Amino acid sequence: MIDKAILLIIDGLGDRPIAALGDRTPLEAAHTPNLDRLATSAECGMMHTVGRGVRPGSDVAHLAIFGYERSLYYPGRGPIEAAGIGVPLEDGDVAMRGNLGTVDDKLEIVDRRAGRIRVVEPFTKMLDGMEIDGVTFLVKPGTAHRAVVVMRGPDLSAAITDNDPHVEGVAASTVTATDDSPSAKRTADALNQFLARAHEILKGHPDNRARRAEGLFEANYILLRGAGQYRRLPSFKERYGLDGCCIAGGGLYKGVAAFLGMTVLDCPGATGLPDTDIRAKFDLALESLSEYDFVFVHVKATDSLAEDGNFAGKKDFTERIDEAAAAFDALPESALLVVTADHSTPSELCAHSADPVPILFHGQGVRVDGVTAFGERACTSGGLGFITGADVMPQVINLLGRSPLLGG
Ligand code: ZN
C-alpha cells in the first residue's frame, strides 16, 4: 500500500506541434526514455488545470492542483511573494511585492531596479516596522532589487492601485483606491505617506551616498505592485492530513508552497534557471520521503525557454529532466509519483495557453493503461481521460487510502 507521494510539476511543459520539429511538440520530439517508461507503467491522462479554455498563471495553476480554487483562495501575488520570503502573514494583512528603484528630484523614475542592485537589506531594514495612522509597515528584502511590503492594521483593503507605472522616464504614481470603500481610501492614504517618508529616509541613507559617489543608481524609492489581502485559509496539512514539503528554485513556487504551510526545503544547485541541478532536486525528493508524506518538486526552465520562443532549448531541457528522472528508478514501492505540468506554454506563442497538459500517476494500485509515451497526444488515450487540477489531490488521497467513505 502506498502512503507517500511525490508530485513533480514541470512548468509550462505542454506545447503545440512545431513544423521544425516534424510537427511534434518539444516533449514529443525529445528523447525521453525514463519518462516514457514511467508512463508505460502508469495511468495517464490529460489535465485542464483550471478548466477548459482557461489560461492560468503559474500561481493560480499550482493552487488549483493543490485543490485551492482561485475564487476562494487566491489572494493576488503580494501575499504569495511575502510567504515565499518567510513573512508570517496575519488575517487582513495587505501585501505587495516590489522593487527598490531610482527616482530623480521630481520623483521621475530613472531606473526601476536601482541598477539591478544586488542586496536591498540595508535599505529595507531602515523602513521595517514604520507606523503610520495605526498601520504597521513590514518591509522585507527579496532577491536582488526586490522587496515585499506588508501593511498590518485594522480595516485595510487591497483595492488600491500600484505605484509602479512599469516604465521609466515618468513619475512614480500616487496610490489610489479602486473602489469607494473607506478602507481602500485609508489604505491608499497610509501607503502614500509611507512611500514619501521612505523616500526621505532612503535618500539620506549612507549606502546611497556611497552609491552616488560611485556613479551607481541610488536605491531611493519603493515601487510596489500586486496588492493582495491575506485571509486565513486551511493549510495543506489541515486539508489533507499530509506533511508536505517543497523543492523548487523559483521564488513563486516556494511562495505558493509556504502560503499553504508546506516546508520549503533548501536544495543546493536549484536555481529556477536552465542551469539548475535537476538531479539534485529529484534525489532530495526521494530522500525527503523519509520525513514528509508529500513532496512537491518544481522545475521551471521549460516555461522560461518557451516564453523566449526557444523550442529547441525547451526540447533539450526536457531531455535533461528525463535524464535526471532516472533517479525515480529508486522510488520506493510505498510511494506514488505524479508527473505533470501546471499549464502549456507553446514556444511559438511565447506565452501560457489553455491547452491541456499530460499527467501520469505511477505507483502501486494504479490502473496501468496502454499509454507508452509521456506526451501531449500519447496521454490523450490514457485511463484518466481528461481531468482538471481539482481532480489531482482527490486521486492522490484515494491512492494513499485516505479517502473518507461517504454514506454507509
Ligand atoms: Zn507555470
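These notebook entries record what I looked up in a predicted model.

**Conventions.** I number residues from 1 along each chain as its sequence is written, and side-chain values use heavy atoms, with hydrogens and water left out. Because the model is predicted, local features need pLDDT of at least 70 and side-chain atom pairs count only at pLDDT 80 or more, while totals for chains, interfaces and linings use all residues.

**Domains.** I looked up the domain assignment, whose bounds come from an automatic or database source. The chain is assigned domain 1 (4-74 + 233-399) and domain 2 (81-229). The centres of domain 1 and domain 2, taken over C-alpha atoms, are 34 Å apart.

**Zinc site.** I listed the donors, meaning N, O and S atoms within 2.8 Å of the metal (3.2 Å for Na, K and Ca); water is not among the atoms, so sites may look incomplete. The protein donors of the zinc ion are D11 (OD), S58 (OG), D342 (OD) and H343 (NE2), at 1.9 to 2.0 Å. The angles subtended by the 4 donor atoms run from 101 to 126 degrees, and the arrangement is therefore tetrahedral (four donors with all angles between 85 and 135 degrees). For reference, the ideal angle for four tetrahedral donors is 109.5 degrees. The sequence spacing of the donor residues is D-x46-S-x283-D-H. D11, in the loop between strand 1 (4-10) and helix 1 (26-29), and D342, in the loop between strand 12 and strand 13, are 331 residues apart and link distant parts of the chain. Helices (H or I, at least four residues) and strands (E, at least two) are DSSP runs, numbered from the N terminus. Both D11 and D342 are buried (under 20% relative accessible area; exposed is over 50%, partly exposed in between; 1.4 Å probe, protein chains only).

**Helix 3.** I noted that 8 of the 8 residues of helix 3 (residues 58-65) are buried, so the helix is largely enclosed by the rest of the structure. Among them are S58, D59 and H62.

**Positive phi elsewhere.** Most residues other than glycine have a negative phi. I found D133 with a positive phi of about 50 degrees, in the loop between strand 5 (130-132) and strand 6 (135-141). C350 has a positive phi of about 55 degrees and is partly exposed, with a relative accessible area of 35%.

**Cysteines.** I found 0 disulfides (pairs of cysteine sulfur atoms within 2.5 Å). The sulfur of C245 lies 7.6 Å from its closest cysteine sulfur, in C246, and is therefore too far for a bond.

Notes: Tetrahedral: all angles 85-135°; square planar, octahedral: opposite > 155°, others 65-115°.
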